[in-house]
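Subject: Structure for your files

Hello,

Here is the structure I said I would pass on. My notes on it follow below.

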Amino acid sequence: MVRLRRLLTADRSPVGPPVDFLAGRWEPRTARTSHTTVLDGHNGDTVIRTQGVANIADDLEIGVMTTGDGPVRMLRIGSEIYHRLSEAEQRKTGKRWIWARSLPGHTHRGWGPTSALIQRSGQMRSFAREDQDGEELRHYTFLLRPRHDEDPVAADLYQYLRLYGADRMTWEVWLTADDRVRRVRSHAATLRSQRALYGLVSMTSEYWDFDIPDGFTPPPPEDLPPRASADRPQALLHFGPGRCLRDGIPGRV
């Protein structure tokens, strides 16, 4: 009995995250990023991956998106997405980028408000200790199910999820022994009843290597065309045969 009691009380370190583990005081300026979108296809799922670097402080991101048609250079400025033109198109138009689409409001809310929402409303669903490259990390998984009548950040997330036919989002956070955030991953999956309508299976975003030194600045305004207006055709981004993305909503053409 004494030995059992010792085993049960040997480690009293708290399992839960520190109270302010994602407090607004921590505002990373840059990070490496990875975004994965899975589309529901007739002959199997189509996976679109984008890897790049984000200048979080200035709400910018640049990367390479890999689709069935090959790699595409991508630039995000706030909620606006641009794609790099080919050399021939650049010579023809005099521009280096073309406007592609706008993102929903939640996707560019900023780190502080989003992390505060996780801390305030997230339900911790799992916890694990992991060893990565010789460093012990604490891995927390939170579930967010926002309502439309909550604060503006939660309302944005609610509308964002409804746009894609989802009702919840999971956030995973990896913390070091001294409570520094090492990695963050968000994931949302479309409800099965909505997949045929939206053509979307899931969306996953990851951020790591925070405050890396290789930040960047946006291109000069003369290199960027204006976004498409309501009275002229919207730009379409194709994801292989029969797939497109219009204003951030996957569909068929």
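The buried residues of α4 are Val153, Ala154, Ala155, Leu157, Tyr160 and Leu161. Please keep in mind that this is a predicted model. The helix itself runs over residues 152-163, which makes 12 residues. From first C-alpha to last, α4 reaches 16 Å, close to the 16 Å expected at 1.5 Å a residue. Val153, Leu157 and Leu161 are among the buried residues of α4. Just after the helix, glycine 165 has a positive phi of about 70 degrees.

Next, asparagine 55, which lies in strand β2 (residues 46-55). Asparagine 55 counts as buried because its relative accessible area is 6%, and the cut-off for buried is under 20%. Setting aside neighbours within four places in sequence, asparagine 55 contacts Arg29, Thr30, Leu60 and Phe216.

Last, serine 79. This residue sits in the loop between β4 (70-77) and β5 (80-84). Is serine 79 buried or exposed? Serine 79 is buried, because its relative accessible area of 17% falls within the limit of under 20%. The side chain of serine 79 also makes a polar contact of 3.0 Å with the side chain of glutamate 80.

Regards

How values were computed: Residues are numbered from 1 along each chain as its sequence is written. This is a predicted model: local features need pLDDT of at least 70, side-chain atom pairs count only at pLDDT 80 or more; totals for chains, interfaces and linings use all residues. Side-chain values use heavy atoms; hydrogens and water are left out. Helices (H or I, at least four residues) and strands (E, at least two) are DSSP runs, numbered from the N terminus. Buried means under 20% relative accessible area, exposed over 50%, partly exposed in between (1.4 Å probe, protein chains only). A polar contact is a pair of N or O atoms within 3.5 Å; within protein, one must be able to donate a hydrogen and the other to accept it, and residues adjacent in sequence count only if both atoms are side-chain atoms. The expected span of a helix is 1.5 Å times one less than its number of residues. Contact means heavy atoms within 4.5 Å.
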